[in-house]
Structures are given as C-alpha cells and as structure tokens.
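Let's take a friendly walk through this structure, one chain at a time and then across the boundary between them. Keep the viewer open as you read.

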Amino acid sequence: MDQLYLLATLAGVRVAVDTREVEAVVKLADISPVPGLGAHVAGLSALRSRVLTIIDVPALINGAPTPRERRGFAIIADISGHSYGLMVDVIHDICQVPEGDLPLRGQLGPAWASYARAIVEHDGQPYLLVSLASFIETGALAQAA
Amino acid sequence: MDELLQEFIAETQETLEALAGEVVAWEADPSDRDRLDAIFRFFHTVKGSCGFLHLPRFQRLSHAAEDVLSEIRAGKRAADPATVSAVLGIMDRIAELTEAVAIGAALPSENDEYLIGALTAQEETPESPESSDASSEAPVAIARQGIAQSVPRTIRMPLSLIDQLMNGVSDMVLARNELSRKLRERSSDPELEGAFERLSTCVADMRDAISKTRMQRVDRLFTAIPRMVRDLGRDLGKRIDLTLEGGDVEMDREMVEMVVDPLTHIVRNSIDHGIETPERRRALGKPEVGALKLAARQSGNQIVIEISDDGQGIDTSRLVEKALAAGKLTSDAVARMTEADKLDLIFQPGLSTAEQVTTISGRGVGMDVVRANVERIGGVIALDNRPGRGLRILLRVPLTLTIIPGLIVRAGGLHFAIPRAAVVEIMHDNNETLRVAEVGGAKIATIRSVRHSMIDLEDVLGMDKPAQTCPRVIMVVRSATGAPFAMGVSAVENHEELVIRPASPLVMASGVYAGMTLPDNGKPMLLLDAAGLANAARLPNVVDDRAAGQAEENEPSAGVEMVPALRFEELSGEKRLLKLSLVERVEDVDAGLFGRSGGQAFVRLDGRLVPVANGVHSFAANHVSALRLRDGVQEACYPVAAVLDIVDMPAVPDMVAMHGMLSGVTVIDGEHLEVINPFALFAALPGGPIAERRRGRCLLADSEDGWTREILAPLLRQAGHEVVMGLPSDAPVDPDDVVLCSGDDVSQAAEMCGCRVVQLRASPRPAGPQDGSIYRYDQDALMAAIAGTRR
C-alpha cells in the first residue's frame, strides 16, 4: 500500500487521515469568531485570499471548546466546495502504512462512532482512521441544525 | 472520444439556445433565407457530428428535420406554424438528449417517431386544421435592435479557470496591501514607491479585467423569451409583437441567472393577464397585435430591465376586492390607501387578478415571489400602471452580485458588514426624535412617532455588550421581506465596497449571515442578513402604519406644498433649515482638513478640495459635523454645530426674503427658523470646482538673511504660501515654484532652472529703468508678483 496517512492527535485520541483529503496543514493565526454559532465553529481565518471556516474538532467531539492559547495547527481541507480548517492537538507525521486500513475492533466510544471508519496501525500503535468530511457533514452541520 | 463528445454537447447546447429565437423569427418571416439557412446548418452539423460519434437517435431526428428544411429551402413546402412547431419539437428533443448524454443518464425513451411523424405528416395534408385562419399568420413578430452583426472572436474555457484567476488576483491584491503596509513602516524611497505605484496600478487593472470575464451580455437573458412568447401566444390565441432591446448590455453571469426566473414570470403574466385577446383588443379599439417590449440598459452600477406591454394593466379595484375578501385588509384601511398603496397589493402573497387559475400563471406563485427574488439580489421592482392602456415594470438590479456597497458596523467588539441597501436610517441613541422603551422584555424604538421592533445585534448573536462611553448607534433596517426594524450596534465604522463570497454551509446554517467578505486588512468579516436577524429575534412582522396615516391626515389641509428639510444648528448658534434634497450626506470631518486660500474657505475631502459654503474654516473642536451638499454638479461642504432632525417645511417660506443667504423665515412647531437659500449658497461658491492646482512653493534664496527669515517668511506663510528656506539642493525645482531673492546672481541662476523669480530690493526706488525688482516693503506689489509669476 503506498497510501499516505497524516497522523495526528485529536481531542486526545490518535487519529489517521487519508492524505487525499488533506490540502495543507497550517499554524493557526488570527481567528475572527462567528457569534451565534455553536462552540464547534471557532471562527473564520484568512489563508491568503481564501477564507477558512475553522472547526474546533475537540469541541465537536467532547463538547469542550479548545482554549484560545492552546490552538495550534489546523488541517485544511476542501469539503463540498468550501474551505475548512479542522483544529487538531498535535501533528505527528505523514507516512505510509504497510498494512493499510484494518477493520474496527472493540467498542468505539459513542463520540467517535460517526467519524471513524477503520484502524490504521503505525509503530505498533493503533490510530483511528477518520474522514474529515464526516466532521463537517455529519458532525458540525447536524449540530448547527 | 470523451473530449469530442464534451465538445459536441457544449456546442450543441449553445447553438440550440441561440437558435430558439431564430426559429421563431423565421416563422414570422418565412422568406428570411438567412435564418432558414442557420437552422438548416444546425441540423446538418448535428447530423454530421453524431454520425461520427455514433449517436443514432440524434442522427434520425436531425435527419428528419434537415429533410423538411431542405424542402422548404427548395420552395417545395411552406413554413407554416405546424411545421415550425414540429421543428421546435425536434430541437427540444435534441436538447433533452444532449442533457442526458451530458450527465451520463439513460436517454429518455419517448417515441421519437411521433415527432418525426409530426414533421412528415404535413407533407400529405398541407391544409391541416391547425394551420387554418388566424393561427396561420405568424403569432409573433420579432424585432431585435442594437445587436452587432459581426461576431466577436471567442474561446471557450471552464468557469473554474476564471474563478482560479479571480482568486489569484485577490491574492495579489492582498499581497500588495501587505507590501504597502511594510513600505509605509520603512523610510520613504521615491524610487521604490514609484515602482510600487506602478505595480499597484497593474494589479488594479488586472482585477478590473478579470472581473469583466464574469460579465455576460443580457442577450443570454433574452434568448428564451421569443420562444416562450410564441408558445404562450399560440396557446392563448393572442398575437404579440415582441421587441427586444439592449441585449448587448453586460451584467454578471450569476446575476443573469438570478434574473431569469423573475423576468420569465413577468413576461408570462403580461401575456396571460396583460395583453387581451385579438377580439377584445379590436373591440377596445387597440391594434389586434399586442406589443410587448423588453429593454435593458445600464444606469450607473445598476442594470435596468424594462418590461412594458400595451395590455389592460392592473385593475387596482379588483385587487382591493380580493384583499378584502381574503381578509388581508379592512375597509377602514382601504379608505386610507393611495392608488400606489393599492397597486402595491399585487405584491401581497396569494392575491392575483387572474379570474381563473391557468397553466400559465396565477398558480399562487405570484408577484410576491418575484419581488422577493429581485430584492434578494439587491434589486428593486417598480410598477407603472396605466389601467386599460398597459403596464410597465422596471427591474433594477445591481451590476454584480459579488461587489456590494456595505456598511461596517461594530458590535460586541467584532466587525460586521451589512448591505447598505438594507439600511434606511442611522441615528445615535441620544437623538431627540428617538425613544426606546422596554416592556415585558420587548424593546420598542419609536422614531418620529413610528414604532419599530428593536433589537440589539449583540443580543441576537449572543455576545456580551461591552460598556461604551459614546452613544450607541440605532439603525433602521429593512429586509427584503417583512417590516423594517431598529437595530442597535456599538458604532457604524465605515462604508466600503465589499467583495462578497459565499460562506460555508456551517456558517449559513445560523440563518443570520448572508455571506462573508475579506477586507484589505486580511481579517474575514461576516455579512449580516437583515431578514435572518429579524427571524432569529422572532420579531413580529407588522408595519406600524397608524402613525404614518395619522401624520398624513394631520397635514395642513390648505394644500401647501411641503418639502422635507434638515433642521440644524449653525456654528453661531442659530437654528436654520435647508432643503433636504440638497444634502448628500452628513459626516464628521476632521477640523484639520479645513483651510483657507484666496479668501475662500475649503476642506479637503476624499482627495479633492471642496468649497465651504459658509466660509468657516477654524473650529474649536477636533471634529465638526458637516453637511455635504450637491446641486447636481457642484459640491459644497457646510459645517454646522449640530444636525437636529428632518422636518417638513413649506416649499415657500412664510416670510420671503429675496436676497442673501436666507430665503426667508418659516415656522416649524412654533419655532421661527431661517431657511437657507440654496440658490445664493451655490451662487456664492467659486465657479467651477476648485481645481486640484499644485500650489508652488516660495523658495527664499537668502535663507541666512535676517529680514528674509523674520519678516518675509511669516508674511508669506500668513498669506497661505508654502515657504522653503534656501534653494533645495537635492530635489529639482518645480516650475510652479517661485524664487524670492535680492541678489542678481541668484536671480539669474534661478531663472536658468526654469522657475520664476521675484527679485526684491531694499531701497524704495528702482536702481534703473531695467530694474524689474520690487521694493521689499511694497506688500501689494510683492503679492501680485508672486501670484502673477504663478499665473
């Protein structure tokens, strides 16, 4: 398998993201808040002339917004025609995983159930393979509605 | 192969669109060989390409049509309406098939034989019942005007590429802004600045050019109309003469798409309800053929689309009856309504003057939807109703969707944009005409005895309201649908042209935002949606028309013509009135921008010099309220102590003075107020706008001399000249500069530089007949010499 995965820690959980979904990883600068929305929308941020909607993924998953000073990196992705930045705790690596996707084992916590698709193993550690689009489409939009 | 197919689809769709009008025009004038040839060519091309691409159904259809057309070309057959319908039918089927191929769907399997049969059936029975009497005459005649015959050379390119270009240019603009900030922080280097200026101009030009790629001719909007008019006319047995004008006006591609539906609806209405049947028209003494005219023109940054017909117009009394029957109005309210109010009922949902619901219109999707659609894109719809003689509908839509004038407001420490079109009025909350009351949690703002629902933006958006020392701003906001309401914000900061881009669905889901914008400072900003805010605050949707009605009743019955006027307080303390129509806007101007030159006070506004009407140029405060006046051509600024309110004053003052700055005195609410005479005001201004004339400097050559330094320099400064000590060694001398010196040698040197010289002498008498110098205490001669040498 020559598929690349981006390995990161998200809300304290090790996750892997298919790099085909990832456009870039940036360090978050200014975020202009969007009042009137839930905590999972951290705000808008400009990346050159593009405006990103920044999603506070930890807030989406466990309901606790990330404090301003702990905002680090965001994964930039283009999801159904709009640019989003998804906040993550730590970015570890981008690498190939020899075995590829493995089926989910064990009882997944309800918070993660709608986002995880499979398991990816790297260095003997399991990572949840998550889809970025699912955070927006099933997670954030459902909460907004 | 795929590429060929794509090309074929795109080309076919485009030609089909263009041809729809041609076929109808050809029917109107079957002898028009050019149009017949164009249609024939289309079928021929389709037949050729699809044989090659192996699309048998296309081939059969186009082949059949081609056969019939070639017979008509050979004169063996006449182009009667039934034939045209059959040809149109084939074209429609080809369009459907193309669509299906384009999206990769299964081809719709209707029986093509039927269509082909319809074509060939005509051969055997040329006198089919359909093509008898009136309908054998062409129901529609088309006259297109203002279309250039020469076809411009074009290329086809994907929209995504244009979007990419747009984004690239936006990036460039942002990068340029950042560079400009950085440059300003550093010491100035004229050479670098010059290069940067050039770059800036290039970027700006580029942006303009790229925005033009988004423009499209209004023609596209009109392409479907002739066909629709023809079909409707036939269905309803009406004969219509359609005129299309101004198809070469350009507007934003997206805008074209947004206008199609409302326009189609209006045209349908006009044919269905407006234009009468030929019999009825004959009885009314009108020409049998109804006239329908669509015209587009550009007016400033708006496109005006005019749809006019000579039908029966709108019967307002029937509208009122319907509204009464539907319980939307009370007879009491009807009595108060003006004709315009009654006409406005057409925009009420669920009211239609159609006697019966037809397939064409009157199905509940009425003018209310049209108006909502037009207003959603920032447009305005206006009616000009001439009962019995016709209806003229004016649609005014902005040139582009993406750039709108907006106000930047601050609330809860954040900035938001709001379309300027949505804002009716802005006032500080300490304004005397405003009263805010709170009852049971509901806030009510009463402005000049009209009650509005009031919200604070911070409350709606769930933000904290930071304490502030300056008064808050209340704006009256009007949404496309629903009643105007009052909205409180911390401040209104700015007024800008904003480039609006769509916000992500997540943000749109909140319902209070309409989009976002990225201003030059690089901080994204959200555009507020007025209707969404009202919804979010769950405001009742009722207009308080009682006060307005009462106000009208209370109007002086003597029939004195009233004009709105601005009541303000002069800097000297008097309260005066000025006709409101002259006031362009009121703004706070930095007192430092005021100045005086040549006996005329002026103020520097937006990079121009604007004369100050009342001649005041020095103020105690740092900021001064100023009225910006305009008589159409000339501009003036009128600094005042305070703007009080807007009142109605009689057009002719109660006491008339014929001369001077005041045209008279009028009594408003028991107070005597002087009325400014706008004629005298503008007449007193210097003719023509103050040119942005470069005032040359006065270069004092003998900078070491005590007299020059202590006596001459202050005198010149006092007279309003810019004074430079010594001849500048680094910069070249400007031709407008004047050199003042006392020695002959300097005078000659300066003259060689090409600038003008005023030579001064210490003795009252000239040294000889050739001496052109001026005695240094002869102030008049000195000033005249400086002014004179400067021309």
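Two residues count as being in contact when their C-beta atoms, placed from the backbone, lie within 7 Å. Keep that cut-off in mind, and also that what you are looking at is a predicted model.

With that cut-off, take the contacts in chain A between residues at least 6 apart in sequence: 56% of them join residues at least 24 apart. Read from the N terminus, its elements follow the order β-β-β-β-β-α-β-β-β-β-α-β-β-α. Of the 145 residues in chain A, 37% are buried.

Now turn to chain B, starting with a helix. Is α8(B) largely in the open or largely buried? None of its 24 residues is buried, so α8(B) lies largely in the open. Its length can be checked too: helix α8 of chain B covers residues 190-213, and at 1.5 Å a residue it should span 34 Å. The C-alpha atoms at its ends are 35 Å apart, which agrees with that expectation.

On one side of the story is strand β13 (residues 442-447) of chain B, which pairs with β14(B) in the antiparallel sense over 5 bridges. Within this pairing, Lys443(B) stands opposite Met454(B). The hairpin made by β13(B) and β14(B) has 2 residues between the strands, and Arg448(B) takes a positive phi near 45 degrees there. Strand β14(B) is also joined to strand β16 (residues 485-489) of chain B, by 3 bridges, and these two run parallel. Here Asp456(B) stands opposite Gly488(B).

In soluble globular proteins, nonpolar side chains tend to be buried together. The largest nonpolar core in this model holds 85 residues, and Ile55(A), Leu86(A) and Leu528(B) touch the most other members. A second, separate core has 39 residues, among them Leu263(B), Ile275(B), Ile346(B) and Ile381(B).

Finally, look at where the chains meet: 23 residues of chain B are in contact with 22 residues of chain A. On the chain B side, the elements giving two or more residues are α7 (159-185) and α18 (505-508). Helix α7(B) gives the most, with 4 residues. Sorted by class, this side of chain B has 13 nonpolar, 7 polar and 3 charged residues.

Terms used: Residues are numbered from 1 along each chain as its sequence is written. Chains are lettered from A and ligands numbered from 1 in the order in which they are written. This is a predicted model: local features need pLDDT of at least 70, side-chain atom pairs count only at pLDDT 80 or more; totals for chains, interfaces and linings use all residues. The expected span of a helix is 1.5 Å times one less than its number of residues. A residue is buried if 20 or more other C-beta atoms lie within 10 Å of its own, exposed if 12 or fewer, and partly exposed in between; C-beta atoms are placed from the backbone. Two strands pair if DSSP finds at least two bridges between them. A nonpolar core is a set of buried Ala, Val, Leu, Ile, Met, Phe, Trp, Tyr and Cys residues joined through C-beta atoms within 7 Å. Ala, Val, Leu, Ile, Met, Phe, Trp, Tyr, Cys and Pro count as nonpolar, Asp, Glu, Lys and Arg as charged, and the others, Gly among them, as polar.
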